[in-house]
Amino acid sequence: MRDLPGYASYIPNILGEREAIPAMLDLFRRHRIETTWATVGFVFHRTRRALMEALPAVRPAYGTQALDPYAALAHELGQDEASDPLHFGADLLDRILDTPGQEVGCHTYSHFYCFESLWDPEAFDADLRLWAEVAGAKGIAMESLVFPRNQYDSTALGIARSLGISSFRGNRPHWIYRVDPGPKGMALRQRVGRLVDVYLPVSGHQTNHLQAHSEDEPLNLPASAFLKPFSSAFRPLDSLKLARIKRSMTDAARRNGVYHLWWHPHNFGRDLSENIAMLEEVLTHFAGLQDRFGMQNCSMANLAKAFSRLPARP
C-alpha cells in the first residue's frame, strides 16, 4: 500500500491485521477451511538486521522511486516487530503456520511489480529464489504464487515454473479485469465495472473450469471474486454483494467448477466484527453446498495437486 495515494490514512487498516488475522484463523479453524496466505518475503525476517543481511544482489529497477521498497528500507524500517509492528509480521506468520489447513504462498520477496519495473527477468528470478530460501528455512515449500497487483506475463510465468511453482492466481477472463503493461494504470471504466461487478453480474457467473496447461507454466487458478470489505457507505448494498457471491458459489458447485474468492487481510483491519460476520455467512453457505453437492475446499497448492492427478481429457 505504501506507494498508493492515501497510504497514511490507511495505516490503521494495516495495524488492524494484528486482530483481523487471528480472528480469520479462528473462523477457518472452526469451519475447517483451507486457505492460501500469499506472503511477501520481507515478512519472514524478525529483525531489521536479518532482513538487511538477506537482501538480494540483483534487485528490480523502477522508473518511479516510490515503487521501490528497497529504497525505503533505510528510513522506514524499525528494529523488530515490537518496535515496528507496521513493517514486521513474523509472529502473525507463526500463527498462520500453527493453524491447520493454511498454506503460506508466495507473493514475491519484495512485492515485485512485473509491469512497473524496468523488466529484468534476472531480478525477478533472484526475488523468487530468495523467497524460496527464507521460506525454506521455516519448512515452507514455494508452491503457489500470487503476483502483486496481478501483474504477470509469459516470461514471469516461465521463471516461476522453472523454480518449482505449481500454480498461480490468474486474472478473470473479462475485460474489466485485464491488467496491461505500461504506466497508464487501470482505466476509469474498468474501475467502475469492477465496483458494479461486486453487486451485479457484470461479468456473469464467476465459476472457473481449470484447463490443461503447458508444463512450462504453473496452473492458472483464476480469481473469481474480490471479497469487498464492509463499508458504511455501501451498507445498503451488502445483501446484493453476498447474494452475488452465493449465487456464483452455487453455480460452481452445480457445474463442478472452481470458485476462487480472495481479499487482503488488511481489508478486515477496520470494522472487524462486520467483516467477520460477512465471511462467516459466506462460509456457512459453503457448508450448505458441501452437504448438497459435495463441494470441496482446498488451498491453491492442494488444488493444483488434485488437478495434476486427474486423467487427461480426450
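This is a predicted model: local features need pLDDT of at least 70, side-chain atom pairs count only at pLDDT 80 or more; totals for chains, interfaces and linings use all residues.
The largest nonpolar core comprises 67 residues. Within this core, the members that touch the most others are Met24, Tyr109, Leu128, Trp131, Phe147, Phe268 and Leu279. Two or more residues are contributed to this core by each of several elements, including helix 2 (17-31), helix 6 (121-136), helix 9 (238-254) and helix 10 (272-293). Helix 4 (69-76), helix 5 (90-97), helix 7 (154-162) and strand 2 (102-106) are also among these elements. In soluble globular proteins, nonpolar side chains tend to be buried together.

The surroundings of Phe147 were examined apart from its neighbours within four places in sequence. On that basis, Phe147 is in contact with His107, Cys114, Phe124 and Tyr152, as well as with Ala156, Leu157 and Phe168.

Strand 1 (35-39) pairs with strand 2 in the parallel sense, over 5 bridges. Thr36 of strand 1 has Glu103 in strand 2 as its bridge partner.

Most residues other than glycine have a negative phi. Arg32 and Asn150 are considered here as exceptions. Arg32, in the loop between helix 2 and strand 1, has a positive phi near 55°. Asn150, in the loop between strand 3 (144-145) and helix 7, likewise has a positive phi, of about 60°, and is not a glycine.

A nonpolar patch on the surface is formed by Leu188, Val192, Leu195, Val196, Leu200, Val202, Leu237 and Leu240. Together these residues have about 620 Å² of accessible area. Helix 8 (residues 188-199) supplies the largest share of the patch, namely 4 residues. Leu195, which lies in helix 8, has a relative accessible area of 35% and is therefore classed as partly exposed, the value lying between the limits of 20% and 50%.

Conventions:
Residues are numbered from 1 along each chain as its sequence is written. Side-chain values use heavy atoms; hydrogens and water are left out. A nonpolar core is a set of buried Ala, Val, Leu, Ile, Met, Phe, Trp, Tyr and Cys residues joined through side-chain atoms within 4.5 Å. Buried means under 20% relative accessible area, exposed over 50%, partly exposed in between (1.4 Å probe, protein chains only). Contact means heavy atoms within 4.5 Å. Two strands pair if DSSP finds at least two bridges between them. Patches are made of residues with over 30% relative accessible area and no salt bridge: like charges are joined within 9 Å, nonpolar side chains (Val, Leu, Ile, Met, Phe, Trp, Tyr) within 5 Å. Accessible areas come from the Shrake-Rupley method with a 1.4 Å probe; for residues, only the protein chains shown count as cover. A salt bridge is a side-chain nitrogen of Lys or Arg within 4 Å of a carboxyl oxygen of Asp or Glu.
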